[in-house]
Amino acid sequence: MKILDFLKPKSPPLIGVDISSSAVKMVELSHNGKAYSIERYVVEPLPKDAVTDGNIVNLEAVGEAVKRAWRLMGTRIKSVALALPSAAVITKKITVASSQNENELELQVETEANQYIPFALDEVNLDFQVLGPSPATPDEVEVLVAASRKEKVEDRVAAVESAGLKAVVMDVESFATLTAYELIQRQLPGDGENQVVAIVDIGSTMMHINVVRNGQQIYFREQAFGGNQLTQDIQRRYNLSSEEAEAAKRSGGLPENYEPEVLQPFMDGLALEVSRALQFFYTSTQFNKVDHILLAGGCGSIHGLDEVVANRTQVGTMIANPFLNMTQSSRIKPRQLLLDAPALLIACGLALRRFDA
């Protein structure tokens, strides 16, 4: 069994690399005193079905996209932080005696992991992180244990290595989202303190709902709904190929009836999915309200979507932008960044691993 740096801090200069089902997204940040700056970023589209359900299906195509993205970045940094899809990682919080040293803790984590991981331990990468004292018992600490099948980790590592880069951190997408959320939390009234916030990340095929309170994840859910739905609607309506439909969706130029007859119904459907997700949250937790919704992912920047979701859910909705209070290097185009920001949440969270204390 290999202990992998899923959660360990202290990293050299690195780039955050998010390999989603539609694109490779890279973000490089720098830090000056208390302020962060975005130095470079790139969104490089992936061929259709190169990544499916979070699994790399076409390793060569993904490796080529990573290589293209890195060249476009124009950076010298070759160390990267990656993330695994939340569905590929089993996480569990355990409590252990605080008096244990690192070796004893490692042994106990292995013993505990044996009980809840449905695979042999030599088939998984395992890591743990001490979260702090247990609220219930003062002489115990809470430990977060994370485990994933080795091939899931190795595929992502192989993709970046084939592009000449080095994976130094392996995170989990929902944890990276939480890291980036810390920057957005300051934009909320009262710095978001004691507020329940639903981060809704709408990608090309999946919607991830991450509900947080005071920086802690209190609920997570995935629903099969995403931007590909809109691409298919455009395809059917205007008799285009999937490539043509995707290009038209991004660059515009569709007939006048596109917004009222195709885009609006899609946004209404999306808002309904968000509303359903919140109902699942209310029925499966002790919470009965959400204070804010943050829209992220590729669909997050659709003009007017925040209003449609707010009207349907009756919850204040804003577009997730972790870069809002950052300085920007001269090579960044501010208007383009504003459009891309919701899709860069995970890549930004990974890029922040560079500054872990």
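**A walk across the sheet**

Strands here are DSSP runs of E, at least two residues long, and helices are runs of H or I, at least four, each numbered from the N terminus.

This is a predicted model, where local features need pLDDT of at least 70, side-chain atom pairs count only at pLDDT 80 or more, and totals for chains, interfaces and linings use all residues. Residues are numbered from 1 along each chain as its sequence is written, and side-chain values use heavy atoms, without hydrogens and water.

Now show S3 (residues 23–32) with S4 (residues 35–45). Ten is the bridge count here: the two strands pair antiparallel over 10 bridges. Strands pair if DSSP finds at least two bridges between them. Two residues separate S3 and S4 in a hairpin, and Gly33 in the turn has a positive phi of about 65°.

Step to S2 (residues 15–19). Four bridges tie S2 to S3, again antiparallel. Find Gly16 opposite Val27 in S3. A three-residue hairpin links S2 to S3.

Is S3 enclosed or open? Seven of its 10 residues are buried, so S3 is largely enclosed by the rest of the structure. Buried means under 20% relative accessible area (1.4 Å probe, protein chains only).

Zoom out. The open sheet has six strands, ordered S11-S7-S2-S3-S4-S17, with mixed pairing. Its edges are S11 (166–172) and S17 (327–328), each pairing on one side only.

Go to S7 (residues 79–84). Six bridges join S7 to S11 in parallel. Ser79 has Lys166 in S11 as its bridge partner.

Terms used
Buried means under 20% relative accessible area, exposed over 50%, partly exposed in between (1.4 Å probe, protein chains only).
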